[in-house]
Amino acid sequence: MSALRKWLLAGLLVIVPAVVTLSVLRWIIDTLDQTLLILPSAWQPDRLIGVHIPGFGVLLTLAILLIVGATASNFIGRKLVRLGDAVVTRIPVVRSIYSSVKQVSDTLFSESGNAFRTAVLVQWPRADVWTIAFVTGTPGGDVTTYLRGEEYLSVYVPTTPNPTGGYFVMLRKSDCIELKMSVDDALKYVVSMGVVSPQKTITR
């Protein structure tokens with residue numbers, strides 16, 4: 001029985017990650033394949049080939065991103081983007097949603113942004129209890145009026161095993177211990193609830 005139990009657990013360790021990974025990839029591909037609906041019916045790959053091959057939506061999405069990115073990177077494209085932003089920001093309700101999403105996306109995807117570039121060790125939710133968090137920037141606006149005396153960091157404390165939920169807090173920089181591990185390793189550590197321990201960085 002002990003041998004059977006061992007084989008069963010070994011099988012689960014192999015099958016479960018593979019099934020979950022394939023399920024996530026299938027969901028992503030199926031979602032991106034919906035972009036094919038923007039094409040005229042005569043241009044649909046299913047009609048042209050006669051067989052449904054998943055993944056054409058991924059190629060179309062990448063092509064759209066490249067075209068939009070190339071257009072937005074030149075002088076005329078930047079002018080058009082600013083014009084579009086100006087128009088959208090004049091529409092009630094829509095402007096609040098758009099501006100919030102744009103600020104987050106600019107912070108996360110900008111090459112000059114610092115969001116989620118550093119993993120830190122902080123005491124949370126009380127002293128002498130430690131967890132991994134991610135630096136998202138520095139406090140700004142009216143908040144800085146009340147945070148005086150020391151330098152503060154804006155920190156995101158993720159929950160486990162779902163890191164998309166968490167807490168946004170502002171902590172003294174002196175209370176945050178910067179880790180040498182990468183953000184990817186830190187996320188794996190959080191998601192695995194400490195099971196997947198990152199390799200210790202050895203300094204010479």
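Me: In which strand does Val135 lie?

Reply: The model is a predicted one, and in it Val135 belongs to strand E2. That strand covers residues 130-137.

Me: How far is Val135 from Pro17, in sequence and in space?

Reply: The two residues are separated by 118 residues in sequence, and their C-alpha atoms lie 29 Å apart.

Me: What makes E1 a partner of E2?

Reply: E1, residues 118-123, and E2 share 6 bridges in the antiparallel sense. At least two bridges are required, so the pair qualifies. Within it, Leu121 has Ile132 of E2 as its bridge partner, and Ala119 stands opposite Phe134. The two strands form a hairpin with 6 residues between them, and in the turn Asp128 has a positive phi of about 70°.

Me: How do you know that E1 also pairs with E5?

Reply: E5 consists of residues 177-178, and it is joined to E1 by 2 bridges in the antiparallel sense. Leu121, which has Ile132 as its partner in E2, stands opposite Ile177 in E5.

Me: In what order do the strands form the sheet, and what makes a strand an edge strand here?

Reply: The 5 strands form an open sheet in the order E4-E3-E2-E1-E5, with antiparallel pairing. E4 and E5 are the edge strands, as each pairs on one side only. In general, strands of a sheet pair through backbone hydrogen bonds, either parallel or antiparallel.

Me: Where do the helices stand relative to the strands along the sequence?

Reply: The protein has 6 helices and 5 strands. Read along the sequence, the pattern is α-α-α-α-α-β-β-β-β-β-α.

Me: How does the radius of gyration stand against that of a compact globule?

Reply: For 204 residues, a compact globule would have a radius of gyration near 17 Å, but this protein has 23 Å. The C-alpha trace spans about 65 × 65 × 40 Å along its principal axes. Buried residues make up 18% of the 204 residues. Of the contacts with a separation of 6 or more, 34% are between residues 24 or more positions apart.

Me: What makes up the lining of the largest pocket, and how much space lies in that pocket?

Reply: The largest pocket holds about 160 Å³ of space. Its lining consists of Thr136, Gly137, Thr138, Pro139, Gly140, Ser154, Tyr156, Phe168 and Met170. Strands E2, E3 (152-158) and E4 (166-172) each supply at least two of the lining residues. By class, the lining has 4 nonpolar, 5 polar and no charged residues.

Me: Which peptide bonds are called cis, and what are their omega values?

Reply: The bond from Trp124 to Pro125 is cis, with omega near 5°, and Pro125 is found in the loop between E1 and E2. The bond from Thr160 to Pro161 is also cis, with omega near 5°; Pro161 is found in the loop between E3 and E4. Most peptide bonds are trans, and most residues other than glycine have a negative phi.

Me: What is the phi of Val93, and why is Val93 called buried or exposed?

Reply: Val93 has a positive phi of about 70° although it is not a glycine. This residue lies in the loop between helix H4 (75-88) and helix H5 (94-109). Its relative accessibility is 61%, and exposed means over 50%, so Val93 counts as exposed.

Me: What of Met193: what is its phi, and is it buried or exposed?

Reply: The phi of Met193 is near 60°, a positive value in a residue other than glycine. Met193 lies in the segment after helix H6 (183-191). With a relative accessibility of 61%, against a cut-off of over 50%, Met193 is therefore exposed.

Key
Residues are numbered from 1 along each chain as its sequence is written. This is a predicted model: local features need pLDDT of at least 70, side-chain atom pairs count only at pLDDT 80 or more; totals for chains, interfaces and linings use all residues. Side-chain values use heavy atoms; hydrogens and water are left out. On a 1 Å grid over the protein atoms alone, a cavity is a set of points where a 1.4 Å probe fits but cannot get out, and a pocket is an open set with protein on both sides within 12 Å along at least five of seven lines; lining residues have an atom within 4 Å of a point. Grid points are joined across faces, edges and corners, and a volume is the space filled by probe spheres set on the points. Helices (H or I, at least four residues) and strands (E, at least two) are DSSP runs, numbered from the N terminus. Ala, Val, Leu, Ile, Met, Phe, Trp, Tyr, Cys and Pro count as nonpolar, Asp, Glu, Lys and Arg as charged, and the others, Gly among them, as polar. The radius of gyration is taken over C-alpha atoms; the globule rule is 2.2 Å times the number of residues to the power 0.38. Buried means under 20% relative accessible area, exposed over 50%, partly exposed in between (1.4 Å probe, protein chains only). Contact means heavy atoms within 4.5 Å.
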